[in-house]
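Dear colleague,

Please find below the structure that I am handing over to you.

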Amino acid sequence: MTIFHDIQSIGFLTEIRESALVYPVIMTTHLACIAVFGGLILMTDLRLLGLALKSQSIASVVNGLRNWKRLGFCIMVTMGLLLGTSEAEKYQPNPFFWWKMGLLAMVGVHALIFRPLVYNHPEELDRSPVIPTRAKVAAVLSLVLWMSVVTMGRLIGYWEPEQAKVAQVE
Amino acid sequence: MFTFLMTNPIGDAMNNTEWAFPLCECFHIIGFALSIGTIVVVDLRMLGLALKSTTSAQLLKDTRMWTMAGLTVMLISGPLIFLSDPVMYMGNQSFRFKIGALLVAILYNYTIHAKVAKGPDSPTAKLVALVSILLWVSVVAGGLFIAFV
């Protein structure tokens, strides 16, 4: 596919792909962000489910970690974009890559739905005698979505194009 | 010892099913997201950068169980991954670095880090938190570089 070839042929993307050090360093940053900021997402969701950080109000957890999650998300996405675009031709036929992109789009939909309902008004959740179901639904969906994103991301590395498989058998 | 490692039944099981290895890796990533994420919550508080309405001591108490849960997942899936190809891992520079960093990070987390997190805010606490983040990031980096050295 020429467009994917064109993308990865952009000067600095070629350099990233061919560098022995820059590529793994970008990947490490991507993974470190998953560890740190994925962990923050997990903690927020567990608080919404009433399973962790219970001595804190929902509002203080959601508001207190919001900027850090945003920062982490931005770094994670930037690194992911560099990884994906520098190997665009390799990723283009990979079904796990497209599953991952699809799931990330669902994360976006999740945000569109649950920001106005849950995350933008955490004080309301604290005022409720029990944690409202909509907050728990948001948390469970967020956990499932992010774990699936991680899983698909990891599986990208295990997929081989058909030609390669045939070549191995021969 | 090495022959045992090379022919261990767990390694065979890991290598003979197509999904066992990637599945373990996914658990490994989710496990360290949970453990490192919870530790970093405490670190951010110690640095005075997040959740200032509470104390690091309280956060440590709240997150301890989840850190332990993440570590458990990590320390089960990790050795399984290792057993799939012990000889390769033992000879891998990055793997050795990672295990060293991991041991230091765990020890640090349950000694100095725990002690200081239970105390009041101070410049020392900030330093301790920063070292904690650096230690855990170097564990992740060491793990990733196994595939690149």
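**Helix packing in chain B**

α3(B) passes α7(B) in a left-handed crossing. Please bear in mind that the model is a predicted one. The two helices concerned are α3 (residues 20-46) and α7 (residues 123-145) of chain B, whose axes come within 8 Å and cross at roughly 160 degrees. Because angles over 145 degrees count as roughly antiparallel, α3(B) is roughly antiparallel to α7(B).

On the side of α3(B), the contact is made by F32(B), I36(B), I39(B), V40(B), D43(B) and M46(B). Helix α7(B) contributes A125(B), K126(B), V128(B), A129(B), S132(B), I133(B), W136(B) and V140(B). By residue class, this contact between α3(B) and α7(B) comprises eleven nonpolar residues, one polar residue and two charged residues.

**The interface between the chains**

Between the two chains, 29 residues of chain A are in contact with 28 residues of chain B. On the side of chain A that touches chain B, two or more residues come from each of α3 (22-48), α4 (58-86) and α8 (133-156) of chain A. The largest share, 14 residues, is supplied by α3(A). This side of chain A divides into 19 nonpolar, eight polar and two charged residues.

A13(B) lies in helix α2 (residues 9-16) of chain B. With 13 other C-beta atoms within 10 Å, A13(B) is partly exposed.

With kind regards

Notes. Residues numbered from 1 in each chain as written. Chains lettered and ligands numbered in written order. Predicted model: local features only at pLDDT ≥ 70, side-chain atom pairs only at ≥ 80, totals over all residues. Contact = placed C-beta atoms within 7 Å. Helix = DSSP H or I, 4+ residues; strand = E, 2+ residues; numbered from the N terminus. Nonpolar A, V, L, I, M, F, W, Y, C, P; charged D, E, K, R; others polar. Buried ≥ 20, exposed ≤ 12 C-beta atoms within 10 Å, placed from the backbone. Axes fitted to C-alpha atoms, helices over the stretch in contact; angles between N-to-C directions. Parallel < 35°, antiparallel > 145°, perpendicular 65-115°, else oblique. Left-handed = near helix turned anticlockwise from the far one by under 90°.
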